[in-house]
Amino acid sequence: MKSILEAIENNADTKAFAALQIPDSYRAAVVRKEDQEMFAGVASADKDPRKSVHIQEVATPEIAPDEALIAVMASSINFNTVWSSIFEPISTFSALTRLARESEWAKRHDLPYHIMGSDASGVVLRVGSAVRNWKPGDRITVHCNHVDDQDPSSHNDSMLGSNQRIWGYETNFGGLADLSVVKANQLMPKPEHLSWEEAAVNALCNSTSYRMLVSPNGAHMKQGDVVLIWGATGGIGAYATQYVLNGGGIPIGVVSSADKAEILRGMGVEAIIDRRAGNYQFWKDENTHDEKEWKRFGGDIRALVGEDPDIVFEHPGRSTFAASMYVAKKGGTIATCAATSGYMMEFDNRYFWMRLKKLVGSHFANYREAWEANRLIQKGMIHPVLSQVFDLNQTGDAAYQVHKNMHEGKIGVLCMAPREGMGISNPEFREKVGEKNLRHFRRS
Ligand code: NAP
């Protein structure tokens, strides 16, 4: 690992990288199959990733012809890291077993440990014999769409592929490790003005928000659209907020604290709702909605921007979904990609059909969407929302923060990178983009 790191720090050429010896094993953040039932009977909020995430040495897998082995300099915590580590809504080991049935190469994934992580920045070390566009030494970021290019159903939009998966969640060998195995069509160029940890936090959340809001596969936002964004300083919400500002829309950011509202103001958001201060009680009890509260929420939105939202960026799920359906403008779109608070949703259909609204289900992004979202980061038009940086050895603590909603934006994780701030290869462009734009979410 030392010689790999030296080669990266010295910007070695392709030949030097290709000559490096690959270690037989490497350090990784894993959950273990033997722990799958450890939280049985424990309430979801009390399931603690610090108990289930382990750091251990794992064997380096062989790569398939269409794959690359990468040195991971940094990764990030996503909400799927939380789902894997609390074994909810299902244990991810079932996904690994299903994947293993697909091919000889896929069998590698079915192991008693699951290496988590669906983001990475780093350097290509080896490429398989069928890889054309990448070579050892390339500095890359990784998007998490793991797709079978021999499956006809994935050729219009790869997110529709019958066996499309999320790397590091539904596959093994994820990014929370010193090395990782990815398909070559997950690779994207690393934005040169960013450090490893800044470059590592974007791909999953940025691409998801791009598809949900900007892409014709999502809400296809246009200039002037009013967009209600739940969790506007959270992982996906913080990119959604930037897309609305960047694309000439009018964001209404919902957050739960004065500090988060301050971050939004710093980004240029004028219409902000503090849901905690507003104390909206959309449910009277577990089974009874309170329509008066939807109306109060809608009234507060109108008071801020003078109209109803054209688009609602929805992901909290059960707790907010009926209100989201209610407040959307006549003919408006509700785009959803998740259900953090519960996936059995209910809403009053009268407000849906009589007001001719549209509901769009969205999930991650295809390669093109991920590439376009990455390009906007490369061009300094969308920025990383890194708030804190943890070491790989602290992955459990970092996942705990996200599980408990103690964070803002994204938490970065240093893997092979020995310290923060490394990997910037275009400082002139960084200066042009502006340090301020890169630090809205930083705690220190
Ligand atoms: P995150 O960083 O935790 O942010 C979510 C934000 O939502 C929180 O910061 C919180 O903001 C808000 N929130 C949480 N519970 C809420 C509730 N009951 N009512 C209202 N607001 C609530 O997580 P994330 O990375 O943005 O991910 C959000 C969800 O999207 C997760 O369920 C994740 O699994 C899912 N996701 C799906 C995809 C996909 O491809 N389908 C991709 C990425 C993420 P405030 O407390 O400030 O309001």
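Two strands pair if DSSP finds at least two bridges between them. The exercises below apply this rule and others to a predicted model.

**Exercise 1.** How many bridges join strand β17 to β18, and in which direction do the two strands run?

*Solution.* 
Step 1. Strand β17 covers residues 333–336, and four bridges join this strand to β18.
Step 2. The pairing rule asks for at least two bridges, so β17 and β18 count as paired.
Step 3. The two strands run parallel. Within this pair, T333 stands opposite K358 of β18.

**Exercise 2.** Which side chains place an N or O atom close to an oxygen atom of the ligand, if the cut-off for a polar contact is 3.5 Å?

*Solution.* 
Step 1. For T340, a side-chain N or O atom is 2.8 Å from a ligand oxygen atom.
Step 2. For H407, the corresponding distance to a ligand oxygen atom is 2.7 Å.
Step 3. The protein covers 90% of the 910 Å² of accessible area that the ligand has on its own.

**Exercise 3.** Why does the ligand lie between domain 1 and domain 2?

*Solution.* 
Step 1. Domain 1 comprises 2–202 + 365–438, and domain 2 comprises 219–361.
Step 2. Both domains give residues to the shell around the ligand, and therefore the ligand lies between them.
Step 3. By class, this shell has eleven nonpolar, 13 polar and two charged residues.

Conventions: Residues numbered from 1 in each chain as written. Predicted model: local features only at pLDDT ≥ 70, side-chain atom pairs only at ≥ 80, totals over all residues. Heavy atoms only, no water. Polar contact = N/O pair within 3.5 Å; in protein donor to acceptor, adjacent residues only side chain to side chain. Areas by Shrake-Rupley, 256 points an atom, 1.4 Å probe, with all protein chains shown as cover. Nonpolar A, V, L, I, M, F, W, Y, C, P; charged D, E, K, R; others polar. Domains from an automatic or database assignment.
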